[in-house]
Amino acid sequence: MSVKPYVVGIAGGSASGKTSFLKKLLKKLPANSCCVVSQDNYYMPHNKQQRDEFGQINFDLPTSIDREHFFSDMKRLMDGLPIQKLEYTFNNPSKTPDVITINPAPILIMEGLFIFHYEEIRDLLDLKIFIDAREEIKLKRRLKRDFEERGYAEDVVLHQWNHHVMPSFKNYLMPYRDEADIIVTNNVSYDKGLEVIAQHLATYTQPK
């Protein structure tokens with residue numbers, strides 16, 4: 001690629017629907033027209049994570065992510081170079097992580113909690129999308145997801161929600177909500193917002 005890709009950032013609180021939105025968005029765009037870098041694949045090792053006053057690891061801090069590596073991979077893709085990354089399995093012992101190869105594409109999507117908070121990433125975004133939902137709806141989704149997909153007990157999820165997730169949301173996400181170019185509300189459905197964004201991105205799906 002000799003032309004800078006169109007760089008899109010998708011942020012939003014935990015269980016707001018970022019992953020689901022992104023999967024449906026990719027289905028609406030031509031194959032190989034987008035590459036995605038997910039913040040989730042850049043968590044630091046457990047021995048480098050901060051713990052709360054109860055001794056529990058707090059994965060909802062900007063310092064929980066290998067920020068330098070995250071940004072470095074973004075720059076490589078912007079420069080037309082492929083990257084490789086080991087998949088993060090969210091502590092699921094039954095899942096073997098895959099080696100992910102990401103090739104450059106006309107549209108580069110950065111996805112994660114802190115992509116607007118990390119100024120070096122925020123400054124390179126051409127389009128900022130914030131996925132929003134009411135707190136009680138996000139909590140209900142998180143309880144269901146973390147039990148079914150990650151095997152977390154309800155008391156663990158509630159502890160994380162009250163002591164990690166919500167303080168992080170208020171400190172590191174909400175301050176950037178109104179700076180987003182598009183806010184997609186996902187209390188019931190995000191279909192209309194999805195369609196608008198897909199139509200916009202379709203104009204960038206071919207290399208110039």
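**View 1. C34 is a buried cysteine.** Its relative accessible area is 18%. The model shown here, as in every view, is predicted. C34 takes part in no disulfide. The nearest cysteine sulfur belongs to C35 and is 7.7 Å away. C34 falls within the range of strand β2, residues 34-38.

View 2. A disulfide is a covalent bond between two cysteine sulfurs. The cut-off for such a pair is 2.5 Å.

**View 3. A15 has a positive phi in a loop.** Phi of A15 is near 65°. The residue is not a glycine. Most residues other than glycine have a negative phi. A15 sits between strand β1 (6-12) and helix α1 (18-27). With a relative accessible area of 12%, A15 is buried.

**View 4. N32 has a positive phi in the loop between α1 and β2.** Phi of N32 is near 70°. N32, too, is a residue other than glycine. Is N32 buried or exposed? Relative accessibility of N32 is 71%, so N32 counts as exposed. A15, by contrast, is buried.

How values were computed: Residues are numbered from 1 along each chain as its sequence is written. This is a predicted model: local features need pLDDT of at least 70, side-chain atom pairs count only at pLDDT 80 or more; totals for chains, interfaces and linings use all residues. Side-chain values use heavy atoms; hydrogens and water are left out. Buried means under 20% relative accessible area, exposed over 50%, partly exposed in between (1.4 Å probe, protein chains only). Helices (H or I, at least four residues) and strands (E, at least two) are DSSP runs, numbered from the N terminus.
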